[in-house]
Amino acid sequence: MTIISWIILGLLAGAIAKFLLPGRDPGGLIGTTLIGVVGAFIGGWISARWLDHPVTKDFYDGTTWVAAIGGSLVLLIAYRILFGNSRS
């Protein structure tokens, strides 16, 4: 997959993570979108590095999507823990 594919996947993964974990986010829509993109990269890296399951080059592979959404969820939870009270 190209970098553009990872960005698109991250945008979609961020939206899915936001749907699965609703509530107010300190960063709003733009922050959640960026967390989705970064989470997709982190999820793919963790999957390839420690889970011994390299991400395939296919955009429609289920493992790729699970890794991207999982990375986005972890990053969104960490972001809420660190910066959750900055916006009241």
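A nonpolar core is a set of buried Ala, Val, Leu, Ile, Met, Phe, Trp, Tyr and Cys residues joined through side-chain atoms within 4.5 Å. In this predicted model, the largest such core has 7 residues. The protein holds 3 helices and 0 strands. Its pattern along the sequence is α-α-α.

**Overall picture**

- The protein has 88 residues, and 32% of them are buried.
- Take the contacts between residues at least 6 apart in sequence: 78% of them join residues at least 24 apart.
- Helix H1 spans residues 3–20 and helix H2 spans residues 28–49.
- Helix H3 covers 62–83.

**The largest nonpolar core**

- Its members are Trp6, Leu9, Ala13, Ala40, Trp65, Ala68 and Ile69.
- H1 and H3 are the elements that give two or more residues to this core.
- Ala68, a core member, is in contact with Leu9, Ala13, Gly39 and Ala40, leaving aside neighbours within four places in sequence.

**H1 against H2**

- The two helices pack at an angle of about 115°, and their axes are 7 Å apart.
- H1 and H2 are therefore roughly perpendicular to each other.
- H1 passes H2 in a right-handed crossing.
- On the H1 side, the contact residues are Ile3, Trp6, Ile7, Gly10, Leu11, Gly14 and Lys18.
- They meet Thr32, Thr33, Gly36, Val37, Ala40, Phe41 and Gly44 in H2.
- By class, this contact of H1 with H2 has 7 nonpolar, 6 polar and 1 charged residues.

**H1 against H3**

- Here the packing angle is about 60°, with the axes of H1 and H3 8 Å apart.
- That makes H1 oblique to H3.
- The crossing of H1 and H3 is right-handed.
- H1 brings Trp6, Leu9, Leu12, Ala13, Gly14, Ile16, Ala17, Lys18 and Leu20 to the contact.
- H3 meets them with Thr64, Trp65, Ala68, Ile69, Ser72, Leu73, Leu76 and Arg80.
- The residues in this contact of H1 with H3 divide into 12 nonpolar, 3 polar and 2 charged.

**H2 against H3**

- The axes of H2 and H3 come within 6 Å and cross at roughly 120°.
- H2 and H3 are therefore oblique to each other.
- Their crossing is right-handed.
- From H2, the contact takes in Ile35, Gly36, Val38, Gly39, Ala40, Ile42, Gly43, Gly44 and Ser47.
- From H3, it takes in Thr63, Ala67, Ala68, Gly71, Ser72, Leu75, Leu76 and Tyr79.
- The contact of H2 with H3 has 9 nonpolar residues, 8 polar residues and no charged ones.

**Phe41**

- Phe41 lies in helix H2.
- Its relative accessible area is 34%, so Phe41 is partly exposed.
- Phe41 touches Ile3 and Trp6, not counting residues up to four places away in sequence.
- Phe41 and Leu9 are 32 residues apart along the chain, and their C-alpha atoms are separated by 9.5 Å.

**Residues to find in the structure**

- Trp6 is one of the core residues, is among the H1 residues that meet H2, and is also among those that meet H3.
- Ala40 is one of the core residues; in H2, Ala40 is among the residues meeting H1 and among those meeting H3.
- Ala68 in H3 is among the residues that meet H1 and among those that meet H2.

How values were computed
Residues numbered from 1 in each chain as written. Predicted model: local features only at pLDDT ≥ 70, side-chain atom pairs only at ≥ 80, totals over all residues. Heavy atoms only, no water. Axes fitted to C-alpha atoms, helices over the stretch in contact; angles between N-to-C directions. Helix = DSSP H or I, 4+ residues; strand = E, 2+ residues; numbered from the N terminus. Parallel < 35°, antiparallel > 145°, perpendicular 65-115°, else oblique. Left-handed = near helix turned anticlockwise from the far one by under 90°. Contact = heavy atoms within 4.5 Å. Nonpolar A, V, L, I, M, F, W, Y, C, P; charged D, E, K, R; others polar. Buried < 20%, exposed > 50% of the residue type's maximum accessible area, 1.4 Å probe, protein only.
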